[in-house]
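Please look over the model shown here.

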Amino acid sequence: MDKIQTLISENGVVVFSKSTCCLCYAVIMLFQELGVQLVVHEVDHDPEGWEIENALVNQMGCNIPPEPAVFIGGNLVGSTNEVMSLHLRGALIPLIRPYQTLV
């Protein structure tokens, strides 16, 4: 979908989220606490939200809408499990370093 491509190509860290999702909130707070400048796109506030969710389902190869769907540097990282696993292994910081405003 063009909207997804535009957002991930113009921004370093993009989180496709739902405003009522606690896992989305946790991932967003993690990035904010790490000083990451990110774009949060809440699909439940977008008139094309259903289309975006369908495109993300296809891209991520899952059966349900993947919120949050996290992209770093134009690459799909995954959802909460993948982000937290990267963070626990110490592999998230090198990925987000170019997008941190606080060091």
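This is a predicted model: local features need pLDDT of at least 70, side-chain atom pairs count only at pLDDT 80 or more; totals for chains, interfaces and linings use all residues.

## M29

M29 sits in helix α2. In sequence, M29 and W50 are 21 residues apart. In space, their C-alpha atoms are 25 Å apart.

## The sheet

Four strands form an open sheet. Their order is β2-β1-β3-β4, and the pairing is mixed. β2 and β4 (75-78) are the edge strands, as each pairs on one side only. From one strand to the next, the twist averages 25 degrees.

Strands of a sheet pair through backbone hydrogen bonds, and the sense can be parallel or antiparallel. β1 and β3 (residues 69-72) are antiparallel, with four bridges between them. V14 has F71 of β3 as its bridge partner.

## Helices across the sheet

Helix α2, which holds M29, lies across β1, β2 and β3. It runs at about 160 degrees to β1.

Helix α3 lies across β1, β2, β3 and β4. Its direction is at about 70 degrees to β3.

Side chains of opposite charge can pair when their charged atoms come close. How many salt bridges does the count give? It comes to three, with a cut-off of 4 Å between nitrogen and oxygen.

One of them joins D46 and K3. Their closest N and O atoms are 2.7 Å apart. D46 lies in the loop between β2 (39-42) and α3 (49-60), and K3 lies in helix α1 (residues 2-10), so the pair ties together parts that are 43 residues apart in sequence. Is D46 buried or exposed? D46 is buried, at a relative accessible area of 10%. K3 is partly exposed, at 28%.

K3 also forms a salt bridge with E48, at 3.3 Å from N to O. This pair links distant parts of the chain too: K3 is in helix α1, E48 is in the loop between β2 and α3, and 45 residues separate them. E48 is partly exposed, with a relative accessibility of 33%.

## The K18 and E53 pair

K18 and E53 meet through their side chains in a salt bridge, 3.1 Å from N to O. K18 is in the loop between β1 (13-17) and α2 (22-33). E53 is in helix α3. The pair links distant parts of the chain, 35 residues apart.

E53 is buried, because its relative accessibility of 6% is under the 20% cut-off.

Which residues do salt bridges with shared partners join into one network? They are K3, D46 and E48. K3 pairs with D46 and with E48.

How values were computed. Residues are numbered from 1 along each chain as its sequence is written. Side-chain values use heavy atoms; hydrogens and water are left out. Helices (H or I, at least four residues) and strands (E, at least two) are DSSP runs, numbered from the N terminus. Buried means under 20% relative accessible area, exposed over 50%, partly exposed in between (1.4 Å probe, protein chains only). Two strands pair if DSSP finds at least two bridges between them. Axes are lines fitted to C-alpha atoms, for helices over the stretch in contact, and angles run from 0 to 180 degrees between N-to-C directions. Contact means heavy atoms within 4.5 Å.
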